[in-house]
Amino acid sequence: MDTMSENVISLRNVTKIFSDFPVLHELTFDIKRGSITTLLGFSGAGKSTLLKHILGLLKPTSGDVIVLGQNVVALEGTALKEFRQNFGMLFQYAALFDSLTTFENVAFPIREFTDFTEEQVEQKVSELLTSVNLSDKTYYKLPSELSGGMRKRVGLARALALQPAIMLYDEPTTGLDPITTKMVNELIVQTAKNNRARKMTSVIISHDIKATLQISDYIAFLHRGRVVEYLPSAEFKKSSNPLVREFVDL
Amino acid sequence: MKRLKKVAKPIEHIGDVVLSTLKEMGKMTKFLYLFFYWVTKPPYRTALFFEQLYFIGNKSLFIIILSGLFTGMVMAYQTYFGFKMISVDSLVGPVVALTMAKELAPVLSGLIVSGRAGAAMAAQIGTMKVTEQVDALEVMGIDSFQYLAVPRIIAGTISLPMLSIIFQLVGNTGSWFVGTKALMIDDAMYYSKLSDFMFIEDLYQGIIKSFFFGFLISLLGTYFGFSVTKGAEGVGKGTNLAVVWGMITILISDYFLTSILIRIL
Ligand SMILES: Nc1ncnc2c1ncn2[C@@H]1O[C@H](COP(=O)(O)OP(=O)(O)O)[C@@H](O)[C@H]1O
Ligand SMILES: [Mg+2]
């Protein structure tokens, strides 16, 4: 797979210490451009912490984080804020702005960061909402009036609004019922497909091993602040690492 | 040794309280600094500012009017019966007006706005924190402090003086009504004493105070909103702290502000 030969995210000897305890420990690992890569690990393994380092929301105690050719550790202020516009993120509970309607939530980043006319905004928003299978019946509803699955879709549409180079999903299916879980997983794959031409990378945090094996190109296993296994999905399933086996055989 | 431990425990506890209070004050100072840093930086979010101004006014106006009216009315009664004993009952008007202008209007509207708008600020921001809406802003590259705290603090600072003036106007109307209709002070006398003893300068102290209280309330409301870390319980706690500290600091700072303003005005 030639399109995936480039690294879009590189972590080099990243250590993060929270009150004397290393949550990330000399972690080194690369994510390939255009891939769907999943970070697996037990709760408290440091997965969310790793994600925050990629976004520059946290700075490592030592080590380097290189994303899209930029050293995130060195970015500050406006440069860091501009850097973040390369990302879209789907939060566990969607994190929609609860005082804004579906339409306004999706329009929010567009109004904030482009000089689109109101007509262009409208067109873009309906395009995005259609791409996550939401009809115009939901446009003027508030998040509190939407189901959990619908909220996820609005959150995804909002995250995709500025055509991010990297889409991040923090435990996208944790706490959802099986049907909604299936829907969200399908949506992740569909979204990756829709954005394949521009080589969007998807990084997922999960502990849903079954879905991870189905949808990921690569899987990394995080344990005690290190990546202990990192393989293409098909090979990961056959890994002989006892920790991975424990997870896979669950 | 055992006895020593018994003595050490309460001292340790006092030490803990002192240290955590100092730590909190340090964090608040940093928060204050952030406000002055971000308030000068574009983008200036005027739409959010007006939204907050409307929100604070909307939340508090009715209670301000109601409280102002009844405070003025009861003040008229209380001063009247005291003043009648020394036959200066015609001074009810200016005494109520001066007390209103210098103390009651800024302090009582401050307490009301703290309970309504200060609490609401903490609850809104706290909820946004625990539901990751604040993180969502940050991931988009929007500074959550500038987006959420700055418009609220400016709106709070500007709206309290306005509400306090409304409180006074309504309060004086109530006092006039009780004074002339129920206590039968002569209407013309009420006005002439009012204009003899009450000057425009008498408003300054109260206005300066209410600017300060408005700033304090919204600073504490947003601070305790941002300090929420987990769950619905955390939001409740943050809201509660915002109100308690808002009220306490209004009453304490009122004393110090009065002692300073009385000298310089
Ligand atoms: N801001 C922080 N301060 C202190 N400790 C933290 C902080 N964030 C996370 N941790 C700790 O780091 C560890 C890993 O957390 P996290 O990255 O959220 O794990 P995961 O997402 O894999 O469940 C946990 O023990 C957590 O308590
Ligand atoms: Mg996590």
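Strands are taken as DSSP runs of E with at least two residues, numbered from the N terminus, and two strands are said to pair if DSSP finds at least two bridges between them. In this predicted model, local features need pLDDT of at least 70 and side-chain atom pairs count only at pLDDT 80 or more, whereas totals for chains, interfaces and linings use all residues. Residues are numbered from 1 along each chain as its sequence is written, chains are lettered from A in the order in which they are written, and side-chain values use heavy atoms, with hydrogens and water left out.

In chain A, strand S1 (residues 7–18) runs antiparallel to strand S2 (residues 21–32), the two being joined by eight bridges. A:Phe18 has A:Phe21 of S2(A) as its bridge partner, and the hairpin formed by S1(A) and S2(A) leaves two residues between the strands, with A:Ser19 in the turn adopting a positive phi of about 35 degrees.

Chain B is divided, by an automatic or database domain assignment, into domain 1 (1–38) and domain 2 (45–264), whose centres, taken over C-alpha atoms, are separated by 30 Å. Nine residues of domain 1 of chain B and 14 residues of domain 2 of chain B take part in the contact (heavy atoms within 4.5 Å). The area buried between these domains is about 1100 Å², 84% of it given by carbon and sulfur atoms, where buried area is the accessible area (1.4 Å probe) lost by two parts on being put together, summed over both. On the side of domain 1 of chain B, B:Phe31, B:Phe35 and B:Trp38 lose the most area, together 66% of what that side buries.

Definitions and conventions
Helix = DSSP H or I, 4+ residues; strand = E, 2+ residues; numbered from the N terminus.
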